[in-house]
Amino acid sequence: MANVNVMDLIYWKDTERTGMVFTGLVVGLLSLFQLSIITVISTISLGALCFTVSVSLYYKILHVLNMGDGVPPFKAYLDLDISFSGELADQYMQKAIVAVVSAANSLKNLFLVGSLFDSLKLLALIYLLTFLGDLCNGLTVLIMGVIALFSLPLFYRQHQAKVDGFFAGIQANVDNVKDILHRIAQGGGPTPDTTPGGAKPKTQ
C-alpha cells in the first residue's frame, strides 16, 4: 500500500515524487498569472485524466497480448484507504472548532485592544503588509511560500549548527534591546553585569 508522507516530500527523501509535486504546484500557481483558476483546474484535471486513461488502456492491451498482468502502476493508490472512522472524524472536528474559537478570541483581543502592546504590534505588522501589497500580490507570496516550504527545511537540516548559532546571536541582541527598553520604561538603572555569575564581592 502506498504511503505518502508530507515530511518525506518536504525533505526530498523521494526525489522523483517530490520533484513532481513541487513542479506541479509552482507551474499551477504560475499559470494563475495568465489564466483564471477555473481554466487552470480544468486543464490540469483534463491532462491528468487523459494520462491515467491512456496508461490504463496501455496496460490492458499488454494484458490482452499476454505481455503483462494488466495492473496499472497507480493501482496501489486505488487501494489506499483515505476514509475516516466516526471517532477520528469527531476528533478532527473538535480540534478544528477549538482552533477556530481560539483564533476568534485572539482576534477579538487584538482588535478590541485587550493588550495595548499586542495591538500595537499588530498595527505595525498590518502597516508593513501595506508596503508588501504594493510590491507584490498574494499569488507571488504564495509561490514564494511554496518554494520556501520545499527548500528551507532541507537547508536547515544540512546546516543546522550554523543556522542555530546565527539565530542565537540575533536572539541575544533582541534580549539586550528588550532589557534596555525595560530599564528605560522603569526609569533607568545600572547596566546589568554580563559576566558569568554576576558581580563578585570585593575582598578586603
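Which residues in α5 meet which residues in α6? The views below take up this contact among others.

**View 1. Helices α5 and α6 in contact.** This is a predicted model, in which local features need pLDDT of at least 70 and side-chain atom pairs count only at pLDDT 80 or more, while totals for chains, interfaces and linings use all residues. Residues are numbered from 1 along each chain as its sequence is written, and side-chain values use heavy atoms, with hydrogens and water left out. On α5, Asn-109, Leu-110 and Phe-111 meet Asp-118, Ser-119 and Leu-122 of α6; contact means heavy atoms within 4.5 Å. Helices (H or I, at least four residues) are DSSP runs, numbered from the N terminus. Helix α5 covers residues 86-111 and α6 covers residues 116-135. Their axes lie 8 Å apart at an angle of about 95°; axes are lines fitted to C-alpha atoms over the stretch in contact, and angles run from 0 to 180 degrees between N-to-C directions. That makes α5 roughly perpendicular (65 to 115 degrees) to α6. By class, the contact has three nonpolar, two polar and one charged residues. Ala, Val, Leu, Ile, Met, Phe, Trp, Tyr, Cys and Pro count as nonpolar, Asp, Glu, Lys and Arg as charged, and the others, Gly among them, as polar.

**View 2. Helices α2 and α7 packed together.** The angle between α2 and α7 (residues 138-149) is about 170°, with the axes 10 Å apart. The two helices are therefore roughly antiparallel (over 145 degrees) to each other. From α2 come Phe-22, Leu-25, Val-26, Leu-29 and Leu-30, and from α7 come Leu-139, Leu-142, Ile-143, Val-146 and Ile-147. Ten residues of this contact are nonpolar, with no polar and no charged ones.

**View 3. The largest pocket.** About 500 Å³ of space lies in this pocket. A pocket is an open set of points on a 1 Å grid where a 1.4 Å probe fits, with protein on both sides within 12 Å along at least five of seven lines; lining residues have an atom within 4 Å of a point. Grid points are joined across faces, edges and corners, and a volume is the space filled by probe spheres set on the points. Eleven residues line the pocket, and Arg-17, Met-20, Phe-51, Phe-74 and Tyr-77 are the closest to its centre. Helix α3 gives the largest share of the lining, four residues.

Technical notes: pLDDT = per-residue confidence, 0-100. Parallel < 35°, antiparallel > 145°, perpendicular 65-115°, else oblique.
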